[in-house]
Amino acid sequence: MDTSDKKDTLCGVPKKMFFCLFLSHLLAIAIGAGVTAGLLHLFDDCLMSTRKEDSSSIPTARELSDMELLATVVLPGVDIADLKKNSPQYRSLEWLAVEDSRNLNTLIERFALVTLYFAMAAEWDPIGTEWLSDSSHCDWYYVRCDENGRVTSFNPVDRTSNSIVGTLPTEIGKLQQLTYLDLRSNTFLGTIPSEIGNMQQLAILYLSYNNFSGTIPSEIGNLQQLNSLYLHNNTFSGTIPSEIGNLQQLTYLDLSYNNFSGTIPSENGNLRELSHLSLRHNTFSGTIPSEIGNLQQLTYLDLSENVGLTGTLPVEVGQLESIYEAFFYDTSLTGGLDDLAFCKISWALLADCRGPNPEITCECCNFCCDRDGDNCD
């Protein structure tokens, strides 16, 4: 340290900060006497002048007070003293208290969006897109709102594909009017928070082509308006929760290319509006539930690359005349498909029906594969 540095410090602490700390002790003493107003202003002014020289300094006393107030609204039951200073939640509270001039009407959704912003790594840099500005969050790029200013859509895919590295924070569940969430083709990590079940207006959810892991939370069953669920090409594991059968409006379900295991839940048969079902390339086992035969709107069925699937195709499934594409190769299914209704109308039908002793007999299949799913012709 040179001579000039020593002149500007006391006990290794910058003089201005030392003075601020001294004032903080006086403030603590004054609180007991009820004489705080003048010292509070002086303490704030002191830290503000210090902040101009040191952008990494802590929030002022007034800003900390505002942060505590905000936390009671957006993080009930959480003491901000317990938050890590570099956490997305703390940084979001600090931004709202220091930089944002919005009123409380849209506070919760702004908090959720800013927390999501800070949960994404620096690779996601929407410069010039109004993010973290004083403008309405409805003007922030990738965000869409309804006429009441409530967030209905978040879709950063069009200009950020493969560039976002981050996690999905629990605060996403505070966007309770969201109908469309599209985060596909990035590098999101971690699990789907159970708070996603609070987004009960959600109609379309794209999380495909990421690195999400863990299980599907049972709270997914709360999304009664969900129309399309795209979770393919991640590293999800565990079983499919039976609550997925609550999604009565679901038409498109793609869980392919993950590590799901266990049996296919019979509750899938409750998805009467489903037209597309893909469970390809997982480790499902057991037999195909006959309840799949309830899916009278089903046009696409892919159960291939699940070698643990055994038994024959249920008669109820074979009677689905709506199916135009069906894939059963690289499984351990047995029996014949020629007598099934969709065998006569499908224009894409693949099964393990190749060779002198095939596991499945299927004269109507477009392509027949070896037992291991290879060499299809």
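This briefing covers the fold, the nonpolar cores, the cavity, the charged side chains and some loop residues of the structure above.

The model is predicted. The protein has 377 residues, of which 47% count as buried, and its secondary structure comes to eight helices and 22 strands. Among the contacts with a separation of 6 or more, 48% are made by residues 24 or more positions apart.

**Nonpolar cores and cavity**

- In soluble globular proteins, nonpolar side chains tend to be buried together.
- The largest nonpolar core has 87 residues, and those with the most contacts inside it are Leu93, Phe154, Leu181, Leu253, Phe328 and Leu337.
- At least two residues of this core come from each of helix H4 (61-74), helix H5 (88-98), helix H6 (107-119), strand E4 (151-154) and strand E20 (348-351), and H6 gives the most, with eight residues.
- Apart from this core lies another one, of six residues, among them Tyr300, Tyr329, Ala348 and Leu350.
- Leucine 337 is in contact, once its neighbours within four places in sequence are left aside, with Leu313, Phe328, Cys343, Ala351, Ile360, Thr361, Cys362, Cys364 and Cys365.
- The count of cavities of 30 Å³ or more comes to one, and the largest cavity, with a volume of about 30 Å³, is lined by Leu313, Phe328, Leu333, Thr334, Leu337 and Ile360.

- Aspartate 370 is buried, with a relative accessible area of 17%, while arginine 354 is partly exposed at 31%.

**Glutamate 305, a buried charge without a salt bridge**

- Glutamate 305 is found in the loop between strand E16 (300-302) and strand E17 (306-312).
- Glutamate 305 is buried yet has no salt bridge, and the nearest side chain of opposite charge, that of arginine 280, is 4.3 Å away; the pair does not count because a salt bridge requires a side-chain nitrogen of Lys or Arg within 4 Å of a carboxyl oxygen of Asp or Glu.

**Loop residues and backbone**

- Most residues other than glycine have a negative phi.
- Tyrosine 209, in the loop between strand E8 (204-206) and strand E9 (213-214), has a positive phi of about 55 degrees although it is not a glycine, and with a relative accessible area of 45% this tyrosine is partly exposed.
- Beyond residues up to four places away in sequence, tyrosine 209 touches Arg184, Ser185, Asn186, His232, Asn233 and Asn234; the C-alpha atoms of tyrosine 209 and serine 185 are separated by 4.6 Å, although the two residues are 24 apart along the chain.
- Asparagine 233, one of the residues that tyrosine 209 touches, also has a positive phi, near 60 degrees; asparagine 233 has its place in the loop between strand E10 (228-230) and strand E11 (235-238) and counts as partly exposed at 23% relative accessibility.
- Isoleucine 164 lies in the loop between helix H7 (157-160) and strand E5 (165-167) and is buried, with a relative accessible area of 0%.
- Isoleucine 164 and serine 185 are 21 residues apart in sequence, with a C-alpha to C-alpha distance of 8.7 Å.

How values were computed
Residues numbered from 1 in each chain as written. Predicted model: local features only at pLDDT ≥ 70, side-chain atom pairs only at ≥ 80, totals over all residues. Heavy atoms only, no water. Helix = DSSP H or I, 4+ residues; strand = E, 2+ residues; numbered from the N terminus. Buried < 20%, exposed > 50% of the residue type's maximum accessible area, 1.4 Å probe, protein only. Lys, Arg positive; Asp, Glu negative; His and termini not counted. Core = buried A, V, L, I, M, F, W, Y, C linked by side-chain atoms within 4.5 Å. Contact = heavy atoms within 4.5 Å. 1 Å grid on protein atoms, 1.4 Å probe; cavity = no way out; pocket = protein on both sides within 12 Å on 5 of 7 lines; lining within 4 Å. Points joined across faces, edges and corners; volume = space filled by probe spheres on them.
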